[in-house]
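Student: Could you walk me through this model and tell me what stands behind each label you use?

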Amino acid sequence: MSNKNNITLDSYREIAPKGTIDLAYCLAEHLKGKSILHVNSTKLGGGVAEMLLRLIPMFNDLGLKSRWEVIAGTPLFYQTTKSFHNALQGQAQAISKEMYDEYIKVNQQNIEKIPLEADLAVIHDPQPAGFILKKPKLAKWLWRCHIDISRPQRKVWNFLKSYVSKYDGAIFSLPSFAQKLDIPQFLIYPSIDPLSDKNRELSSEEINSVLNKYGIPQDKPIILQVSRFDRFKDPIGVIEAYKLAKKYNDCYLILAGGSATDDPEGLQVLNEVRQAADTDKDIFLLDLPPDANIEINALQRIATIILQKSTKEGFGLTVAEAMWKGKPVIGGAVGGIVVQIIYGQTGFTVNSVEGCANRIRFLLNNTEVVTELGKRAKEYARRNFLITRHLCDYLALIDYLLSK
Amino acid sequence: MKEFNFMGCVEIRELLGKSADNEQELMELIEEVPVDSIYYHTHSYFLRHFYITGPYPNDFANWAAIQVRDRVLGEKLGILTPSSEKDLEDIRSELIEIIDNHLSSIKIVPGVVYGQAFYFMQSKIIEVPTGPSVSNLDEFYQALKTVDASAIYNHVFEARLRDRRGRSDFSIWLDEVLQRKELADKFEKIDSYMYSLEGLRTKLIELCKQEVEK
C-alpha cells in the first residue's frame, strides 16, 4: 500500500496493539485473490470516503483485490437521499413519489454502468442500496449502514428495507441501530486513523503554531469541546457547566466548531453561543474550516479535559479521537459515547450540566486521576477504535461469509 | 511430542434485533435468545475489555447496575460464575432464576429511565493461527508473554465453555503432554472471571515462572 504520505500497512505496526498486523496477515491468508467491491456515493469528503481511502489500500496490501466504485446521481437524487438520511435519523420528511422514482431510476442507471463482479460487495449507506437488484448469483453482498437508524421514519425505512432484506447481511455501528430484519445483522464500530493529520503525533512547533494562530494561552487548565455548532452537541450546556466549575477552579474553555456558513441553524446556534459566552475572556470560540485537522489535533493535545456533552449522538468518533490523545473525556450518556467511555475508567458519562460541572471540578482537582484515565483511554482507543481493528473486523466477516 | 499451537481469535458480533427496557423483558428474552447470546453476554466481555475490568464480569449485571440503576440485581448477577460443571443452558437457567427471585421480592419492575436498553447480541469466533508453536515449558512461558491477548481468551474461555473441553487448552496440554499436572491444576484454580485478559496473562506468566525457576 502506498499513498501520498507513503503510509503502508506496516506503518501501523508500532501503533496498533501488539500482534494486530500479524493477525490481519493471518486472517487474509485464505482470502488472497478474492475480489471485494465497495460502492458508495462520494469519493471525497465525509467519514465513509475517508475510511475507504485508507482501508482499500490495506486490503490490497494483504493480497485481496479490492476496488471502490462511486455512483453518479442527479440533483433530485441527492435531494432525495438527503431526505432519506434525515428521515432514517428520525426527522419528519416529505418525500414525493417523484423522489422515490428518481431514487429507483438513478440506481438502475448506475447498475448498468458499474461492473459488479466480485466475490463480495459492501454497499455503503442508502444511496446505492438498490444495487442489490443486480447482485450476481454466487456473490455475497453486505449493506453497510453508517447512520443512526435507531428511530427511522417508518415509510422511508420500509421502502429501504425492501432492498436491505435481499442482502446477505447488514452491518451497523451500534447495537441500538439494529432493526427487525430476516438477514444477519453485524456490529462493526467505526474507527479513527492514527496516522491521519487529525490524529498523528504533532511536533511542538506544529502545536505552538496553532496556539499562536488562535492566541490561546496555556497558563491555566483547558477544557475543550470539538464539535459542530449544533444544538444536539449542547454547546450552551458546555458553557453553563464551565461557568459552574469555574466558580471553584480557574480554567479556560475552548469551543471549536465546524464552519457554520452554509447552515442557517448552525449560524443561529453560534450566535446563541456567543451570547452565552458574553464577555468572558477565558472562553475561546473557534469557528474552524472543515479541513482544520491539524488545528483540532493540536487543541486536543493541549487540552486538560475534553468534553463531548451531546444530547443526541450517532457514534461520536470525536470521543475516540480525544481518547487517542490520552485525555479523559466527559461525554453525554447517549449514542456511541457510552460505548467509548467506560465510566470511571476512561472518562465519565453525564446526564446534566451539573453532572458535567462536577466531573470537571473533580478532574481539575485530581491531576493524577486525569493522567491515569487518559492513559487508560488511550489504550482502550488503541484496542477498540483504530482502523487496524476495523480492518480485522472486516477480514473476519468476509472470511466468515465467503466460507459459508 | 505434540506441540502447542497458539491460536488468536477475532469475534464477529451479530445483533439479534431484540432489546429489553426493563428487567421483566430482560428475563423473558434471556429465556428465548440463542445460547450463543448467553455466551456473548457472559464471556465475550473479556474479549472486549483487554485492559479494564468493569464493575461486574458480565453484561447483564453491568446493565442492571449502570443503566437500570438497580444495584441489587447488578450485584446478584455479578456473582454468577460459569464453571466447568455448568453448560450454557445451566447459566441461562441461573440467570432466569436470579432475575425471577429478584422481581418476586419487589413491587415494581425496574426499567431504564435515563439509561439505554439492553440489546441482545451473539458472536461467532474466528480462530486465527497466529502461532507460535511451542514444545516445552520454557517456550510456552516465553510465548505467553508475547501472544495476542485474543489467544489467551480463545484457549481459556472458548475452550472451557463453548468448545466444551471442560478445562483450558493450556491446562490440558500442560497435563497431558508435558505431564505437569500440578501446574495445570494451578491454572484451573485461577478465578479467571475476576481478571481482565491482560491481568489473566500476568497471572499465568507468574505461575509458569515459578515452575520454570523450580
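Predicted model: local features only at pLDDT ≥ 70, side-chain atom pairs only at ≥ 80, totals over all residues.

Student: Why is Leu88(A) called buried?

Tutor: Buried is the word for a residue with 20 or more other C-beta atoms within 10 Å of its own (12 or fewer is exposed, in between is partly exposed; C-beta atoms are placed from the backbone). Leu88(A) has 23 of them, so Leu88(A) is buried.

Student: Where does Leu88(A) lie, and what is Leu88(A) in contact with?

Tutor: Leu88(A) lies in helix H3 (residues 75–88) of chain A; helices are DSSP runs of H or I with at least four residues, strands are runs of E with at least two, and both are numbered from the N terminus. Contact asks for C-beta atoms, placed from the backbone, within 7 Å. Leaving aside neighbours within four places in sequence, Leu88(A) has contacts that include Pro126(A), Ile147(A) and Trp157(A).

Student: What makes a set of residues a nonpolar core?

Tutor: Its members are buried Ala, Val, Leu, Ile, Met, Phe, Trp, Tyr and Cys residues joined through C-beta atoms within 7 Å. The largest one here has 171 residues, and Ile360(A) is among those that touch the most other members, as is Leu224(A). Beyond four places in sequence, Ile360(A) is in contact with Ile223(A), Ala241(A), Ala245(A), Ile305(A) and Ile330(A).

Student: How do you know that strands S7 and S10 of chain A pair?

Tutor: Pairing takes at least two bridges found by DSSP. Three bridges join S7 (residues 222–226) to S10 (residues 305–308) of chain A, so these parallel strands pair.

Student: Which strands make up the open sheet, and why are some called edge strands?

Tutor: Six strands of chain A form the sheet in the order S9-S8-S7-S10-S11-S12, with parallel pairing. Strand S9 (283–288) and strand S12 (347–350) of chain A each pair on one side only, and they are the edge strands. Helix H12 (residues 353–365) of chain A packs on this sheet, touching S7, S10, S11 and S12, and its direction makes about 160° with that of S12(A). Angles like that run from 0 to 180 degrees between N-to-C directions, with axes fitted to C-alpha atoms, for helices over the stretch in contact.

Student: What are the domains of chain A, and how far apart are their centres?

Tutor: Bounds come from an automatic or database domain assignment, which gives domain 1 (9–191 + 386–402) and domain 2 (204–384). Their centres, taken over C-alpha atoms, are 31 Å apart.

Student: And how many residues do the two chains bring to their contact?

Tutor: Chain B brings 23 residues and chain A brings 31. S2(B) gives the most to chain B's side, with seven residues. Three bridges join strand S6 (residues 185–187) of chain A to S2(B), and these two run antiparallel. Within that pair, Leu187(A) has Arg13(B) as bridge partner.

Notes: Residues numbered from 1 in each chain as written. Chains lettered and ligands numbered in written order.
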